[in-house]
Structures are given as structure tokens and as C-alpha cells.
Amino acid sequence: MITIEMNQPIESHYNHPDLALAVGFFDGLHLGHQAVIHEMIQIANQKGLNKAVMTFDPHPSVVLNPEKKRTDYLTPLQEKKEILEKMGIDYLFIVPFTSTFAKMEERDFIQNYFTYNKVKHVIAGFDFTYGKFGKGNMLKLESDKDGFEVTAVPKQAIANDKISTTQIRKDLKTGEINHANAQLGRPYKITGIVVQGEKRGRTIGFPTANIMPNDDFVLPRLGVYAVTLKCESTGKTYQGVCNIGVKPTFHDPDKSQVSIEVNIFDFNDSIYGERVEVLWYDFIRPEQKFDGIDALIKQINHDKQTAIESLSNL
């Protein structure tokens, strides 16, 4: 996959073959986004075009709504790149969403990013907008198209509920991990590095791998989860129980940073410094403060057994 950052002036980026282009922010690359991309791939194959995706960075809210700006993502840019490459995309266009870009008139957007960019077919979700104040929409794009065709992909839903990045983010924040995963079409994933922790888990019989996310991922609700952990260097995947939180039994919650700690089942190797993937399957319980170590150990044993049962069908 060839990645092209479309900085201004963008004329120098037009040296590529004719394209079918899926366009959108695509945070999460959930089933709705996948429907757009699969439609693009089908059209590209039918017409003999190269398969391309256009996305934006950072999220438009950073420029358009600073008070509610989105600075964490379901799929940060690097994660998005890796997923798209696995989908067989030929070209990825990254458009910097700047104040100047936000003021671009609809016609200029169409010409600069579609017509001049050798795009022969634009595919996007039914609710895609573009141009100054987001006044351009798929109906206007169909009427204003200039040298390309347009396909709008309809709403994708589960049980009549629209699949959306916003809903997935809400689900993660409330611990509705199964509903989030259903919309993603896969388990939610956070990648990171195994770092030194407090090593308190070893003293109570539950050593953990302390994961520092390597990008700005959305963090799920604080609590305990059934997860798997994949070690990049070996390619091996292990099952485990994860606590994400501030460890209120040992720390003042108001003064502690959130940590992600995975107790890997039947595992004693040292993996400090390893890059790992944590896949989130089931929410077991919220984080809580215990009266003492014995009560904590009893609950951890119970959580571990719950996670083993949850992951037994993988």
C-alpha cells in the first residue's frame, strides 16, 4: 500500500493510476466503514481501477469544535494503516484537517481531491459531508460530480440501530464491550509496550504484564475484562484477565494514573519491552476497592475463572 500525505500544494501528488476512492474519517473501521470499503473494492475490480482510501487527520473536531475535540481514537492512524493494508488497498491518501482545509469551498474540494486526483468513482457513506461548514453532501456530490461516478452506501445497522463510531465509543466507556465488538466486526484492540510496573501482582500470586498503549486509543471503562494478548515478536497469543484502572485498594484514585495490567494464564516468561496486542472480549466487573489483600485475592481468583470460561470457545 502506498501512503500519500496530501499537504498543500497537492498537485505534486497526482502521479498515480486511475482510482476508485472510498472517502471518510473511518475511525474504528467498523462494519459500516467496511461496507463502504468493500463496495469500493468491488467497483475497482469491475472497472479495472486501483483501490484507494482517503482519510483525514486529525479528527475534524480538533479544528471545528475545540471544546469537544476528539484526541483519542478507536483506530489511531497507524492502526488504521495496518488494517487497510490487510484489506488490499493500493493507495491511502491522508488529508491534514487544518483550519485552511476546513474553509475550502465545496467545488475546490471536489476538484482538488477527486477530479485532479484521477478519481473515477467516489464511494462514501450516505452521511458523508465535505467543504466549508460541511455543506456538501452525497446528493450534492452526485449533482456536482466532475469526471467521476458516485456511490452512496446506505446506513448499516444491527437490530435497527445504526453502526457508528460514536456509539462504539459510548459502549467502550460503559463497559458494553460485546456490543462494541459486534459493531466493529472484531474484538476491540489496543496495542502497546510491556513496561515495568509496581510488581505488586507477583507478591500476591498474580503477576501481570503492564501495558503502556503506544498511541491515543480510546480506553474502555475501568474494570476487569477477559482478554487475549498477542506478543508481536513470537506471534503467539495467550489468554488472560485484564484490570484497567487506578488500583483503588492500594492508591488514592484521585492521584493515580490509569494502568492496563494483564494476568496471562499459565505464563511465566519475561516480556518486558515487547510490543503486544490486547484484544478485549468480555467485561467482567467494574473496578472496586477491597478491604484487604485476602478479599482482593479471592476476587481475582473468581475473575480469573470467569475469564477462562468466557474465553473457552476461542
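**Strands and their neighbours**

Mentor: Let us begin with strand β5 (residues 119-125) and strand β6 (residues 149-153), which run parallel and are joined by 5 bridges. Please keep in mind that this is a predicted model.

Trainee: OK, and which residue is the bridge partner of A124 in β6?

Mentor: The partner of A124 there is A152. Between the two strands lies helix α6 (residues 138-144), and β5, α6 and β6 together make a right-handed β-α-β unit.

Trainee: Is β5 mostly covered or exposed?

Mentor: Strand β5 is mostly covered, since 6 of its 7 residues are buried, where buried stands for under 20% relative accessible area.

Trainee: What about β2 and β5, how many bridges do they have?

Mentor: These two strands pair in the parallel sense over 4 bridges, and one of the pairs links L19 with V119 in β5.

Trainee: Switching to β3, why is it largely enclosed?

Mentor: Strand β3 covers residues 50-57, and because 6 of its 8 residues are buried, it is largely enclosed by the rest of the structure. Strand β2 (residues 19-23) pairs with β3 in the parallel sense over 5 bridges, and A22 has V53 as its bridge partner in β3. To get from β2 to β3 the chain passes through helix α1 (residues 31-47), in a β-α-β crossover that is right-handed.

Trainee: And which strand do 6 bridges join to β3?

Mentor: That is strand β4 (residues 91-96), which runs parallel to β3, and there T55 has I94 as its bridge partner in β4.

How values were computed: Residues are numbered from 1 along each chain as its sequence is written. This is a predicted model: local features need pLDDT of at least 70, side-chain atom pairs count only at pLDDT 80 or more; totals for chains, interfaces and linings use all residues. Side-chain values use heavy atoms; hydrogens and water are left out. Buried means under 20% relative accessible area, exposed over 50%, partly exposed in between (1.4 Å probe, protein chains only). Two strands pair if DSSP finds at least two bridges between them. A crossover is right-handed if, with the strands pointing away from the viewer, the path from the first strand over the helix to the second runs clockwise.
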